[in-house]
Amino acid sequence: MERREFLAGAVAAAATPALAAIPATEGDFGQAAALSMATTAFRRMDGSTPSRYLAEAVLAHLRLVQTVAAAVADHEQRRRLAAVGSEAASLAGWLSWDMDDHGSARTWYGSAIKAARRAGNDLLTAYQVGSLAQLEADVGNAAPALNLTRSARRQLGADAPAIAEAWLATVEALAYAAAGEQRLCDRALMRSRATAEQIAVEEPPPWPWVFTFNESKVAACRLACGARLGLPKWVFGTYDDTAPPGSSAHAKQQALRQLDLASGHMAAGRLEAGYVLATQAVEAGLRYRSGRVVERARVFRRAYSSTTPPKIVRDFDDRLHGVYL
């Protein structure tokens with residue numbers, strides 16, 4: 001696999017997968033379908049728009065969904081609107097996460113889970129529970145992340161689609177990485193890879209799993225886990241990552257991947273290469289006002305200590321000093 005293609009997969013794996021519009025019944029051009037399309041439009045703007053700018057519009061949209069749902073008497077339509085509300089609340093959670101507002105992100109993901117349950121959609125409920133698990137794993141809360149992953153699996157039941165199992169296994173791997181459990185992390189990654197091989201022979205995945213999941217996504221997760229575990233071999237593998245990552249449609253996720261690669265360089269003793277990448281990531285984080293990127297950069301900086309840091313580290317400190325998003 002070419003390095004550029006691999007890094008593109010890494011970026012895609014890190015992002016919460018975009019939920020597609022709720023499948024409409026034949027001839028259904030009603031409120032639920034229209035509102036779901038609006039949510040999808042907002043989500044597509046996330047990669048290149050500061051979350052702070054989108055959040056106000058998304059919350060207004062969510063209030064509209066809730067208002068419309070409250071006025072509907074038909075049971076089936078209320079269920080469809082509940083699913084739309086779950087999708088919108090999940091997006092609000094994702095934007096809060098990017099703003100490094102974890103309290104609000106948990107609140108909105110909780111709302112997404114409740115709405116999915118009102119919709120009576122087990123797959124959607126499992127997806128939202130897994131998304132909350134992904135948040136907890138990302139911020140280092142391994143135990144809650146693992147508990148939520150198990151809850152999502154119970155929600156899926158015995159006949160879970162392969163794509164759901166493969167995705168949840170990567171979330172589980174990130175949780176084990178947060179706990180410092182290399183062996184269990186590797187086992188989860190192997191399970192995800194084995195399950196991903198079954199996806200090609202299945203029918204098209206059910207909503208909300210309407211995104212590509214393949215070996216490159218598993219490799220991307222291994223990169224992220226390797227950064228957290230301090231394992232350069234996992235971060236780089238057989239790829240030449242001495243140069244900065246290529247461009248991506250999702251600039252904020254690209255910055256997070258750069259910080260993972262920077263951590264790999266640091267673990268390998270390549271301080272200058274690590275700080276070059278980390279500095280580029282910070283610039284992107286500031287450009288798009290991503291609190292998540294900036295806080296991840298601070299975590300990266302705290303991992304290195306020296307009484308006489310070199311100029312590239314001092315410049316990095318100056319760039320981060322006094323930044324509040």
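Good morning. I begin with histidine 250, which lies in the loop between helix 11 (232–236) and helix 12. Helices here are DSSP runs of H or I with at least four residues, numbered from the N terminus. Please keep in mind that this is a predicted model, in which local features need pLDDT of at least 70 and side-chain atom pairs count only at pLDDT 80 or more, while totals for chains, interfaces and linings use all residues. Residues are numbered from 1 along each chain as its sequence is written, and side-chain values use heavy atoms, with hydrogens and water left out.

Is histidine 250 buried or exposed? Histidine 250 has a relative accessible area of 15% and is therefore buried. In this talk, buried means under 20% relative accessible area, exposed means over 50%, and partly exposed lies in between, with a 1.4 Å probe and protein chains only. The side chain of histidine 250 is joined to that of aspartate 46 by a polar contact of 2.8 Å. A polar contact is a pair of N or O atoms within 3.5 Å; within protein, one must be able to donate a hydrogen and the other to accept it, and residues adjacent in sequence count only if both atoms are side-chain atoms.

Aspartate 46 itself sits in the loop between helix 2 (31–45) and helix 3 (51–70). Aspartate 46 is buried as well, with a relative accessible area of 4%. From C-alpha to C-alpha, aspartate 46 is 9.4 Å from tryptophan 94, although the two are 48 residues apart in sequence.

Let us move on to helix 12. Helix 12 covers residues 251–267, 17 residues in total, and reaches 25 Å from its first C-alpha to its last. That is close to the 24 Å expected at 1.5 Å a residue, where the expected span is 1.5 Å times one less than the number of residues. Helix 12 is largely enclosed by the rest of the structure, because 14 of its 17 residues are buried. Just after helix 12 comes glycine 269, with a positive phi of about 85°.

Glutamate 272 is exposed, at 57% relative accessible area. Its C-alpha atom is 9.3 Å from that of alanine 262, a residue 10 positions away along the chain.

Now the second largest pocket. Its volume is about 500 Å³. On a 1 Å grid over the protein atoms alone, a pocket is an open set of points where a 1.4 Å probe fits, with protein on both sides within 12 Å along at least five of seven lines; lining residues have an atom within 4 Å of a point. Grid points are joined across faces, edges and corners, and the volume is the space filled by probe spheres set on the points.

Which residues lie nearest the centre of this second largest pocket? They are Asp138, Arg228, Arg296, Val299 and Phe300, out of a lining of 23 residues. Helix 6 (122–138), helix 8 (162–178), helix 10 (215–229), helix 12 and helix 14 (291–302) are the elements that give two or more residues to this lining.

My last topic is the aromatic rings. A search of the whole structure finds 6 aromatic pairs. Rings of Phe, Tyr and Trp (its six-membered ring) pair if their centres lie within 6.5 Å; planes under 30 degrees apart count as stacked, over 60 as edge-to-face and the rest as tilted.

One of the pairs is tyrosine 127 with tryptophan 167: the ring centres are 5.1 Å apart and the planes stand at 15°, so the pair is stacked. Tyrosine 127 belongs to helix 6 and tryptophan 167 to helix 8, so the pair ties together parts that are 40 residues apart in sequence. Tyrosine 127 is buried at 0% relative accessibility, and tryptophan 167 is buried at 4%.

The rings of tyrosine 275 and phenylalanine 316 also have their centres 5.1 Å apart, but their planes stand at 85°, so this pair is edge-to-face. Tyrosine 275 lies in helix 13 (residues 271–287) and phenylalanine 316 in helix 15 (residues 311–320), so the pair ties together parts 41 residues apart in sequence. Tyrosine 275 is buried at 0%, and phenylalanine 316 is buried at 2%. Finally, ring pairs link Tyr275, Phe300, Tyr304 and Phe316 into a cluster.

Thank you for your attention.
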